[in-house]
Amino acid sequence: MSVFGYRSLIWKVDFPYQDKLVGYITDYSRRFWQGSTDHRGVPGKGCVWGVAYKLPVGKEEEVKTYLDFREKGGYRTITVIFYPKGPSTKPFSVLLYIGTCDNPNYLGPAPLEDIAEQIFNAAGPSGRNAEYLFELANSVRNLVPEMQMNIFSLWKN
């Protein structure tokens, strides 16, 4: 079993994994539309870069139980196809944690400035949302330096 990390699972990897690959999924967009009592994602057009983590054999259910708790607050899981950045590995299925519009923490679209202000002012048990945004932006920039996206626009605000 592999899990796709596209937000904090890129930079806050606090679970065991056997291997990791940089790549992307299609038909989704990284958004900051999910509120949470712990942290701050949704289907859309485009592709989302991140990391696929192959979970250790025999520990899949243990890690998934941990991630189900960590990604609580409006996230559900679906299986999607992951496309590795390098051409030497074929696409494969990964588990994706995604915030959907039918959960109580869904905030929906908003002007970039409003989202930036909310992120700047919000904090929870997992820390300040500004730190979350900075860590995510730095991680994406290091993984896929050629990629430009709304994370960097939020960072500037």
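The model is predicted, and the average pLDDT over the protein chain is 79, with 82% of the residues scoring at least 70. The protein chain holds 5 helices and 7 strands, and 45% of its 157 residues count as buried.

**Confidence**

- Over residues 36-44 the pLDDT stays under 50.
- For this stretch, residues 36-44, the model has 42 contacts beyond four places in sequence.

**Fold and surface**

- The order of elements along the sequence of the protein chain is β-α-β-β-α-β-β-α-β-β-α-α.
- The protein chain exposes about 8,100 Å², of which carbon and sulfur atoms supply 54%.

**Nonpolar core**

- In soluble globular proteins, nonpolar side chains tend to be buried together.
- The largest nonpolar core of this model has 23 residues, and Phe4, Ile25, Tyr28 and Leu96 have the most contacts inside it.
- Two or more residues of this core come from each of β1 (2-5), β2 (19-29), β3 (42-54), α2, β4 (75-84) and β5 (92-99).
- The element that gives the most to this core is β5, with 5 residues.
- Leaving out residues up to four places away in sequence, Leu96 touches Phe4, Tyr6, Ile25, Tyr28, Arg76, Thr77, Ile78 and Val80.

**Aromatic pairs**

- The whole structure contains 8 aromatic pairs.
- Phe15 and Tyr53 form one of them, an edge-to-face pair with 5.4 Å centre to centre and 85° between the planes.
- Phe15 and Tyr53 are both buried.
- Tyr24 and Tyr83 form a stacked pair, because their planes are at 20°, under the limit of 30 degrees; the ring centres are 5.3 Å apart.
- Tyr24 is partly exposed, with a relative accessible area of 24%, and Tyr83 is also partly exposed, at 27% relative accessibility.
- Phe4, Tyr6, Phe82 and Phe92 are linked into a cluster by ring pairs.

**Helix α2**

- The buried residues in α2 include Val63, Lys64, Leu67 and Arg70.
- Viewed down the axis of α2, the buried residues fall within an arc of 120°, so they line one face of the helix.
- An α-helix has 3.6 residues a turn, so residues three or four places apart point the same way.
- Glu61, Glu62, Thr65 and Phe69 are exposed on the other side of α2.
- The cover over the buried residues of α2 includes β1, α1 (8-11), β4 and β5.
- Lys64 lies in helix α2, which spans residues 60-70.
- Lys64 counts as buried because its relative accessible area is 18%, under the cut-off of 20%.
- Apart from residues up to four places away in sequence, Lys64 touches Met1, Thr77, Leu95 and Tyr97.

- Glu71 lies in the loop between α2 and β4.
- With a relative accessibility of 8%, Glu71 counts as buried.
- Not counting residues up to four places away in sequence, Glu71 touches Ser8, Leu9 and Tyr97.
- Glu71 and Ile98 are 27 residues apart in sequence, and their C-alpha atoms are 8.8 Å apart in space.
- Tyr97 is touched by Glu71 and by Lys64.

**Helix α3**

- Helix α3 covers residues 112-121, and its buried residues are Ile115, Ala116 and Ile119.
- These buried residues line one face of α3, because they fall within an arc of 100° seen down the helix axis.
- Glu113, Glu117, Phe120 and Asn121 are exposed residues on the face of α3 turned away from its buried side.

Key:
Residues are numbered from 1 along each chain as its sequence is written. This is a predicted model: local features need pLDDT of at least 70, side-chain atom pairs count only at pLDDT 80 or more; totals for chains, interfaces and linings use all residues. Side-chain values use heavy atoms; hydrogens and water are left out. Helices (H or I, at least four residues) and strands (E, at least two) are DSSP runs, numbered from the N terminus. Buried means under 20% relative accessible area, exposed over 50%, partly exposed in between (1.4 Å probe, protein chains only). Contact means heavy atoms within 4.5 Å. Accessible areas come from the Shrake-Rupley method with a 1.4 Å probe; for residues, only the protein chains shown count as cover. A nonpolar core is a set of buried Ala, Val, Leu, Ile, Met, Phe, Trp, Tyr and Cys residues joined through side-chain atoms within 4.5 Å. Rings of Phe, Tyr and Trp (its six-membered ring) pair if their centres lie within 6.5 Å; planes under 30 degrees apart count as stacked, over 60 as edge-to-face and the rest as tilted. pLDDT is the predictor's confidence in each residue, from 0 to 100. The arc is that of the directions from the helix axis to the C-beta atoms.
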